[in-house]
Amino acid sequence: MARTRTRTRSVKRSRSRRVGESAYGVLLVVRNGFMGLLALLLLVAGVWTSWQTAQYAMLVKARGRGVMTVSACAKDRCTGPYVPSSGEGRRLAKVSVAEAAVNRGERVEVTVEPGTTHAVRTGPAGMLHAWVPFAGSLLLAALVVAGGLRMRRTAWVMGLLGAALLGAAFAAL
């Protein structure tokens with residue numbers, strides 16, 4: 001039995017249909033580009049916001065580090081006297097630190113931002129607390145990546161990393 005070849009005839013689409021299909025493809029590319037830029041913007045904003053605090057909690061070696069004794073807490077800030085641990089700094093009568101699970105009379109290791117009375121917690125708890133804005137941006141970007149880019153596995157990884165960072169910061173404080 002001889003096998004015959006059947007040739008399928010290509011169907012010629014109209015010009016308006018071809019233009020419509022290419023316009024739809026362009027819209028998909030534009031949407032994906034926009035969603036990618038939005039996710040990137042969220043991540044960059046989270047890193048930028050976190051770095052403003054994290055640089056003092058992570059990188060300042062011995063300069064400006066010391067201990068603050070919490071004397072009062074109001075709204076979202078706690079204040080108290082600061083005593084430097086090394087001989088380079090000077091004592092300050094009142095510095096303020098972000099309130100994060102501290103009680104009155106508790107001694108907290110901090111570093112003072114140069115030229116201010118604003119203190120940042122140091123150590124693992126301070127570093128994790130400084131990166132909380134980045135964790136939030138990871139969670140938001142995960143929604144954009146899942147919904148806008150349809151990259152569900154990547155979004156799950158981003159979301160779980162953000163949730164883990166938030167959980168670690170909560171547990172450390």
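This report covers the nonpolar cores and the aromatic pairs of a predicted model.

Residues are numbered from 1 along each chain as its sequence is written. Local features need pLDDT of at least 70, side-chain atom pairs count only at pLDDT 80 or more, totals for chains, interfaces and linings use all residues, and side-chain values use heavy atoms, without hydrogens and water.

**Nonpolar cores**

A nonpolar core joins buried Ala, Val, Leu, Ile, Met, Phe, Trp, Tyr and Cys residues through side-chain atoms within 4.5 Å. Buried means under 20% relative accessible area, exposed over 50%, partly exposed in between (1.4 Å probe, protein chains only). The largest core has 12 residues, including Met-68, Cys-78, Tyr-82, Leu-92 and Ala-119. Strands S3 (77-84), S4 (92-98) and S5 (107-112) each give two or more residues to this core. Strands here are DSSP runs (E, at least two residues), as are helices (H or I, at least four), numbered from the N terminus. Another core, of 8 residues, lies apart; Leu-138 and Val-144 are among them.

**Aromatic pairs**

Rings of Phe, Tyr and Trp (its six-membered ring) pair if their centres lie within 6.5 Å; planes under 30 degrees apart are stacked, over 60 edge-to-face, the rest tilted. The whole structure has 2 aromatic pairs.

| Pair | Centre distance | Plane angle | Type |
|---|---|---|---|
| Trp-51 and Trp-131 | 6.3 Å | 45° | tilted |
| Trp-131 and Phe-134 | 6.1 Å | 80° | edge-to-face |

Trp-51 sits in helix H1 (residues 15-58), and Trp-131 in the loop between helix H2 (123-130) and helix H3 (132-147), 80 residues apart. Trp-51 is partly exposed at 35% relative accessible area. Phe-134 is also partly exposed, at 21%. Trp-51, Trp-131 and Phe-134 form one aromatic cluster.
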